[in-house]
Amino acid sequence: MQRPESGGPAGSAVSGATSGRRNRHDAIFIAAIAVFSERGYAAASLQDVADSVGLLKGSLYHYISSKESLLYEIFQDWYVQAVDLMADIDALDLPPGPRLRDFVRRLTLFYAQDRERASLYFSEWRHLTGEHHATVMAQRREFELFVLGLILEVQARGLGRDDLEPKLATRYLLTAVNGVVLWYRPGGVWSANRIAEQIADMTCAFVLRPQSSTDTPDRRPSVGERPSSRLRPTSSAAPSAASG
């Protein structure tokens, strides 16, 4: 679910006011990510967010409805990017092995380059209630199903290990990638790109048969054919990232 775009004709008074409101909302959004990440959602307050953007606490309510709604919006904006990633992977003209590898590589980079939001997504969803909680849980399940679909496609082509349990492999993959946000630090010994490449290689070594390198060609679907194991987001679900 994408945040509303600012509207109105450029240069008009209405457009200027809308743009200013949008910019202030974005500043609050960014400040909330930093505050929630640094202090933890439960310990952080809207006063902390207001102080970060130089507003009175009461003024925040011109832009948001509650602390929880702000956390939920952070999650929705995050999942929009996750959906884009899934769509990009789905569109790749690659055999299942290389597709799985590229997904893991991109997902690792996605998390490493936005550690604050990734950390919030994995740890603070428990504070959501009602419809917010239900939506985010559905999104998390949907993302996990997408990963499971990639692994099932590998197996359907006879490229996976015989003893591989797809659901367990999915959890293993997501746990390995999700954990990057806990220990990766920019400027460290390993660059984000190197970490992403290594984790992608290790995932393929775990999932694929030893003789099924990511360079092994396999049958591509004929025109109009779509493997039944491929799972993509449904239009009914709003923007989840991996289960943490």
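Start by selecting His127, which sits in the loop between helix α6 and helix α7 (130–156). Helices here are DSSP runs of H or I with at least four residues, while strands are runs of E with at least two, both numbered from the N terminus. What you are viewing is a predicted model, in which local features need pLDDT of at least 70 and side-chain atom pairs count only at pLDDT 80 or more, whereas totals for chains, interfaces and linings use all residues. Numbering starts from 1 along each chain as its sequence is written, and side-chain values use heavy atoms, with hydrogens and water left out.

Is His127 buried, exposed or partly exposed? His127 is partly exposed, because its relative accessible area is 32%; buried means under 20%, exposed means over 50%, and partly exposed is in between, using a 1.4 Å probe and protein chains only. Now show what surrounds His127. Setting aside residues up to four places away in sequence, His127 touches Tyr41, Ala42, Glu68 and Leu71, where contact means heavy atoms within 4.5 Å. Tyr41 is 86 residues from His127 along the chain, yet their C-alpha atoms are separated by 7.9 Å.

**Glu116**

Next, select Glu116 in helix α6 (residues 115–123). With a relative accessibility of 39%, Glu116 counts as partly exposed. Which residues does Glu116 contact, leaving aside its neighbours within four places in sequence? They are Ile33, Ala34 and Ser37. Ile33 and Glu116 are 83 residues apart in sequence, and 6.9 Å separates them from C-alpha to C-alpha.

**The whole chain**

Zoom out for a moment. Of the 244 residues in the chain, 48% are buried. The chain exposes about 12300 Å², and carbon and sulfur atoms supply 53% of that area; accessible areas come from the Shrake-Rupley method with a 1.4 Å probe, and for residues only the protein chains shown count as cover.

**The core**

Now select Phe36, Phe75, Phe103, Leu107, Tyr111 and Phe143. These residues have the most contacts inside the largest nonpolar core, which has 67 residues. Such a core is a set of buried Ala, Val, Leu, Ile, Met, Phe, Trp, Tyr and Cys residues joined through side-chain atoms within 4.5 Å. Helix α4 (residues 67–90) gives the most to this core, with 11 residues. Centre on Phe103: beyond its neighbours within four places in sequence, Phe103 is in contact with Leu85, Ile89, Phe143, Phe146, Val147 and Leu150.

Step along to Asp102, found in helix α5 (residues 96–112). Asp102 counts as buried because its relative accessibility is 12%. Asp102 touches Ile89 and Leu92, not counting residues up to four places away in sequence. The side chain of Asp102 also makes a polar contact with the side chain of Arg105, at 2.7 Å. A polar contact is a pair of N or O atoms within 3.5 Å; within protein, one must be able to donate a hydrogen and the other to accept it, and residues adjacent in sequence count only if both atoms are side-chain atoms.

**Salt bridges**

Side chains of opposite charge can pair when their charged atoms come close. A salt bridge is a side-chain nitrogen of Lys or Arg within 4 Å of a carboxyl oxygen of Asp or Glu, and the count by this rule is 12.

- Select Arg101 and Glu197: their closest N and O atoms are 2.5 Å apart in a salt bridge. Arg101 lies in helix α5 and Glu197 in helix α10, so the pair ties together parts that are 96 residues apart in sequence.
- Select Asp114 and Arg117, whose salt bridge has its closest N and O atoms 2.9 Å apart. Salt bridges that share partners join Asp77, Asp114 and Arg117 into one network.
- Select Arg39 and Asp48, whose side chains meet in a salt bridge of 2.9 Å, N to O. Arg39 is partly exposed at 48% relative accessible area, whereas Asp48 counts as buried at 14%.

Asp48 leads you to helix α2 (residues 46–53), where Leu46, Asp48, Val49, Ala50 and Val53 are buried. Just after α2, look at Gly54, which takes a positive phi of about 70°.

**The last stop**

Finish at Val189, in the loop between α9 (180–183) and α10 (192–207). Val189 is exposed, with a relative accessible area of 78%.
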